[in-house]
Amino acid sequence: MTRPSKYGSLTNVTNDVSWSFEEGLGALSHGPCVLSTGPSIGIGLRCVFAYLDGLLLSVEVKATGQAARDAYESKLHPGSRSGRRHVPLLPRSDARLSVPASAAGLRPDGELWLRLTHHSDRRSHGSRGYSPDDLGTPAYVRDLDVWWPTLPSDGRLPLEAGWPELGAPMTTTVLALENLDQLAERVVRLG
Amino acid sequence: MTTEPLRPGERPWRPWQIEDSDQTWRRLGAIAHGPVLLARVPGVAIGLRCLFAHPDRLTAWLVARADAAFIPPVLPPRSEAEAAVQADLHEHWPGQLNDPLVHATVDFMPQRLSLVERNDSVGHGDGVLRLSCAARIFGLPTSDTLRLEVSWGPALPPTFTTLQLPNLRRTAASAVPFLHDGPASSVS
């Protein structure tokens, strides 16, 4: 599946920011919501925390059955450290998260989207219902913590998420964020 | 492994091997409590980013920060007996020997939390350990309160925090499903 043309100029948000969320507890700004679902795959937002200089978005990806196998194998490629080769090899793909650049004040027309990179990535791949007599159902779990280095002035953040190659279409959800005021008092420093 | 949720009073022997029930597996946790600083002493701090409620358990998203000088050193075992104890301990509680200790008390039953599902970052040149992990807590307290105990080596003695979780069962039941069965996806 090819991405729409609006992603042709898609830019990665780089990691050259200070991870202020590592040093403190942010204000809870948004709760759980579904971002994209497909057959046996789901992408959900667990929560959003606000800091003085940005937002921490916690995203969960889960898949079962063939979608779980595909999610796992789509990250493998010849010469990978594991040395595993799968024939036919799936095209490399990944869960995608994007925010319109206009949300960062980079473009007024909102045509350019910024792909979010994750700060932390915890994943596991195994099976559910395993027993000595049954291999169970393949299961894939992924927790992504994403940093968005801007606070939206109107408290709204359009977030696009999906994994089209595995059946989760790119879907835009506009997050209505709360608790963005008085962050200097709400954010608790650890250090 | 078992797919049955734990009954009140049951304590998992190897908690990281406990398989979530199907209803918990398919849902995003509902937020039962927001950020709380659990303990802070010079050089060490542990906080709760938030507490998620699932139909039959909780998830505590914990973060910790320690200056290198305050991280307890891991000393080599001084005897074969001590080595055997450490090996047994590691079999049931994998992870770093000098991890923080976190216990949650559900209905008067304390359970040590497994910090296996975690993301660590050490340093950036500033000699600081930063830990972030999602720790599972089995069962839902009927008292709508949860007591957390954290400690970390000699620097941080046991420190207790009691969270009030009003309407916890209603919150847990509101957890949003986001994974549905379907035919196997095809890849072009």
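1. Burial here means 20 or more other C-beta atoms within 10 Å of a residue's own. The buried positions are Gly65(A), Gln66(A), Ala67(A), Ala68(A), Asp70(A), Ala71(A) and Tyr72(A). This is a predicted model.

2. Now chain A as a whole. Chain A holds 2 helices and 13 strands. Of its 191 residues, 42% are buried. Take the contacts in chain A with a separation of 6 or more: 61% of them join residues 24 or more positions apart.

3. Next, the contact between chains. On chain A, 40 residues are in contact with 33 residues of chain B. Elements of chain A giving two or more residues to that side are β4 (33–38), β5 (41–51), β6 (54–64), α1 (65–73) and β9 (118–128). The largest share, 6 residues, comes from β5(A). By class, the chain A side has 16 nonpolar, 14 polar and 10 charged residues.

4. Then the core. The largest nonpolar core has 88 residues. Val48(A), Phe49(A), Ala60(B), Leu62(B) and Ala135(B) have the most contacts inside it.

5. Last, Phe49(A). Which residues does Phe49(A) contact, leaving aside neighbours within four places in sequence? In chain A they are Phe21(A), Gly26(A), Ala27(A), Leu28(A), Ser29(A), Leu55(A) and Leu56(A). From chain B there is Arg49(B).

Terms used: Residues are numbered from 1 along each chain as its sequence is written. Chains are lettered from A and ligands numbered from 1 in the order in which they are written. This is a predicted model: local features need pLDDT of at least 70, side-chain atom pairs count only at pLDDT 80 or more; totals for chains, interfaces and linings use all residues. Two residues are in contact if their C-beta atoms, placed from the backbone, lie within 7 Å. Helices (H or I, at least four residues) and strands (E, at least two) are DSSP runs, numbered from the N terminus. Ala, Val, Leu, Ile, Met, Phe, Trp, Tyr, Cys and Pro count as nonpolar, Asp, Glu, Lys and Arg as charged, and the others, Gly among them, as polar. A residue is buried if 20 or more other C-beta atoms lie within 10 Å of its own, exposed if 12 or fewer, and partly exposed in between; C-beta atoms are placed from the backbone. A nonpolar core is a set of buried Ala, Val, Leu, Ile, Met, Phe, Trp, Tyr and Cys residues joined through C-beta atoms within 7 Å.
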